[in-house]
Amino acid sequence: STQSTWAPRNPVATIQMVAGGAITVELYPATAPNTVRNFISLCTNHFYKGLAFHRVIPGFMIQGGSGKMRYSIEGEFKVNNHPNSLKHERGVISMARTGDPNSASSQFFIMVAKSAHLDGKYAGFGKVLSGMEVADRIVHAPRNKHDKPDTPQLMKDVTVDTFGVVYPEVAHYKKKKK
């Protein structure tokens with residue numbers, strides 16, 4: 001007899017754009033569990049509603065979210081001692097951060113091209129299932145010298161289907177006292 005082990009479906013996020021179209025992304029909790037919990041929490045609270053993809057670089061990625069957060073999460077990637085084999089290829093969603101490996105909060109980016117130099121240094125946490133044509137439209141929006149689109153590329157909302165799975169609370173990063 002064959003033995004099967006049932007595993008829940010991975011959560012799926014849908015980024016609906018004000019200008020039309022949607023990007024559907026499968027999230028990978030096995031790869032970056034706390035990063036996925038953080039993203040699910042933000043989506044559930046409609047955090048991204050009305051926010052923009054504020055940084056677009058053709059041949060690289062589109063980035064959205066907000067830099068005005070009161071917390072951060074631990075970076076789930078190799079150089080921060082967390083195994084994460086997800087390669088930054090076209091369609092991968094990953095967390096943006098500053099030079100501090102534990103500074104990610106709400107900003108994420110979607111790769112429009114392979115960028116191997118990010119592998120092991122940023123927390124990839126899923127991949128686009130459909131809507132890459134929307135990401136391609138966004139990345140080619142006319143932009144200024146700071147890579148900010150001239151016309152805001154606004155998210156109508158970002159929702160997530162967890163298929164009935166309840167994900168635990170996000171673990172916020174605690175800065176170590178010196």
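Trainee: How many bridges join strand β3 to strand β4, and in what direction do the two run?

Mentor: Four bridges join β3 (residues 52–57) to β4 (residues 61–64), and the two run antiparallel. Strands are DSSP runs of E with at least two residues, numbered from the N terminus, and two of them pair if DSSP finds at least two bridges between them. Within this pair, I57 stands opposite M61 in β4. The model is predicted: local features need pLDDT of at least 70 and side-chain atom pairs 80 or more, while totals for chains, interfaces and linings use all residues. Residues are numbered from 1 along each chain as its sequence is written, and side-chain values use heavy atoms, without hydrogens and water.

Trainee: Why is the pair of F39 and Y48 called tilted?

Mentor: Rings of Phe, Tyr and Trp (its six-membered ring) pair if their centres lie within 6.5 Å; planes under 30 degrees apart count as stacked, over 60 as edge-to-face and the rest as tilted. The centres of F39 and Y48 are 5.5 Å apart and the planes stand at 40°, so the pair is tilted.

Trainee: What makes F39 and Y48 buried or exposed?

Mentor: Buried means under 20% relative accessible area, exposed over 50%, and partly exposed in between (1.4 Å probe, protein chains only). F39 has 1%, so F39 is buried; Y48 has 0% and is therefore buried.

Trainee: Which residue lies over the face of F163?

Mentor: R9 does, at 3.9 Å from the ring centre. A charge sits over a ring if NZ of Lys or CZ of Arg is within 6 Å of the ring centre and within 35 degrees of the ring normal. R97 likewise lies over the face of Y122, at 4.3 Å.
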